[in-house]
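Hi everyone, thanks for coming. I'd like to walk you through one structure today, so please have a look at it on the screen.

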Protein chains: 2
Amino acid sequence: MTETDLVLAVDVGGTSIKAAVLDTEGGERLRRVVPTAFDQGPESIVTAIRDLVLDRVAAASDDGSPVRAVGVVVPGVVDTEAGIARYASNIGWRDVPMRDIVSSAVDLPTAIGHDVQAAGLAEATLGAAHGVSDTLIVVLGTGIAAVVVSGGQVVRGAAGIPGEIGHIPVGDLETRCRCGAFGCLEMFSSARGVARLYAERTGSAVDATDVLARLDDDPDAVAAWQQATETLARGLVAGALITDPARVVLAGGLSQAGDALLDPTRQAFEAGMPWRTAPELVTSPLGARAGLLGAGILARTVAEVSG
Amino acid sequence: MTETDLVLAVDVGGTSIKAAVLDTEGGERLRRVVPTAFDQGPESIVTAIRDLVLDRVAAASDDGSPVRAVGVVVPGVVDTEAGIARYASNIGWRDVPMRDIVSSAVDLPTAIGHDVQAAGLAEATLGAAHGVSDTLIVVLGTGIAAVVVSGGQVVRGAAGIPGEIGHIPVGDLETRCRCGAFGCLEMFSSARGVARLYAERTGSAVDATDVLARLDDDPDAVAAWQQATETLARGLVAGALITDPARVVLAGGLSQAGDALLDPTRQAFEAGMPWRTAPELVTSPLGARAGLLGAGILARTVAEVSG
């Protein structure tokens, strides 16, 4: 590996913007994290992203380890071809020409991508799906999305938006999703979904981590978590029966719950296909780093194209 | 096309066994259909299949159009590698070495396959999915199964059993499927499922065709059909969001309902993904011939291998 194999990866998340210089193995240096300042509006978040990129590209040069490309992953709807962040409900932006903003600021080839899709790509390349030619990687973050790997190839889809397992109708059909449809998986089994289920029972606005911390002594936490994992299992059954993977990987922030997630989900997952052996169900070793690593992989694709 | 491009295709169905000599374009000759004699037990059905194959191979030779291979598709669980019909609940057989029985009777290379998977293969090759590189073909027969075509390749799966969309849990979760799981799509939207929904409301045991014929003046038929198409739409939403096809093709016997099926299903399908343009939803031009045509395609693969 030469120093020119380094890229800058940026993961724009719900609470913070993370940036780091990555090598080809996913090893990182010069990490810096800044808060996502929602209260100051979408324009200041775009400015914060650009400033963080400028700062880290300069820091990498100063460090004698210049980067040759930048990858930025963002939530919401992304047009990766056009390089535009179309829409993100939690940030509030619309049609931000993110690729041009970043690449013109630092004069480097830049890729933008969808945070969850990028996390799935990292899992397929570096994580728990590495080396398995048929996998379903389900990223449980603020929302839920998946990457399908079939015969060693990532399924790209006709419209470029496969893996939207977060919006399949396996939940309570009375519940309307922010997308407008009913019963969407991510209303129940994403980090936001778990918090919503708990708030619905208790009126308390706490996050998914708090719900998990209360599983030992709070029946409402237990009930919310049970609904979350049972609904997740139905979504995984749907994904696994349609695509027939050897391994299903749970990734993203919520996957760090480990056995508290894996045990009940696996039990319901296996019960959902009694007539066949269920695929292996595992959590990812990459955890919350997957998005950043995915941004690095995207950066590398444009670095290669640009020579 | 030479005469040696002819194959014998056999489709073992719930009510009849169809056989015909097929050319490479799906054109058929020498069709013969015999009833599936359930009351005489699985052994006599196996004998009837073998006798029908012997009869049609001889007829093809007499006609000056000898076949070079045989393809037989059967319902239930099939081990295509081993050539064994593992199990079919409606026929009652277990572990029938179908490939050896047929190939030793006529001394020709023989392939066996799953009827619904074969119908999907025919759609991908000759039917409504022909020429579209990302498609989801859903075969609505006695059961429901699908073929996923991604980037021009049929998804094979890790265990060789992809497309089992008939068992994804998008129906009423109180309803137990014959597979042992709850809420399976095919309990609601297969031909058998439609008949079951109508019988549940009325106590009348009629088949799906009769339910369709009563849509103009029987509120129970209307209600059963609505539940069938709404549940089907949820299954299609799940399949389409995970695999992102350009076109979803409804095939199999029930697809011959045409607009009575397509109109309500499409409405619910599109409503299930309000945030994106839904893939095109069409019915197949192959109809009930798809299984036979799929058997012909399978026969051709072994004919090629055997030279």
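A quick word on the names: strands are DSSP runs of E with at least two residues, numbered from the N terminus. Before going further, please keep in mind that this is a predicted model, where local features need pLDDT of at least 70 and side-chain atom pairs count only at pLDDT 80 or more, while totals for chains, interfaces and linings use all residues. Residues are numbered from 1 along each chain as its sequence is written, chains are lettered from A and ligands numbered from 1 in the order in which they are written, and side-chain values use heavy atoms, with hydrogens and water left out.

Six bridges hold the antiparallel pairing of S2(A) with strand S3, residues 28–35 of chain A; two strands count as paired if DSSP finds at least two bridges between them. Within this pair, Ile17(A) has Val34(A) as its bridge partner.

On its other pairing, S2(A) runs antiparallel to strand S1, residues 7–12 of chain A, again with six bridges. Leu8(A) sits opposite Val21(A) there, and S1(A) and S2(A) form a hairpin with three residues between them.

So is S2(A) buried or exposed? Seven of the seven residues in this strand, 16–22, are buried, so S2(A) is largely enclosed by the rest of the structure. Buried here means under 20% relative accessible area, with a 1.4 Å probe and protein chains only. Ser16(A), Lys18(A), Ala20(A) and Leu22(A) point one way, while Ile17(A), Ala19(A) and Val21(A) point the other.

Now over to chain B. An open sheet of three strands has the order S5-S6-S7, with antiparallel pairing. Strands S5 (77–79) and S7 (94–96) of chain B are at the edges with a single partner strand each, so one side of each has no neighbour in the sheet.

Finally, which residues line the largest cavity? They are Val148(A), Ser150(A), Val155(A), Thr243(A), Val148(B), Val155(B) and Thr243(B).

Terms used. Helix = DSSP H or I, 4+ residues; strand = E, 2+ residues; numbered from the N terminus. 1 Å grid on protein atoms, 1.4 Å probe; cavity = no way out; pocket = protein on both sides within 12 Å on 5 of 7 lines; lining within 4 Å. Buried < 20%, exposed > 50% of the residue type's maximum accessible area, 1.4 Å probe, protein only.
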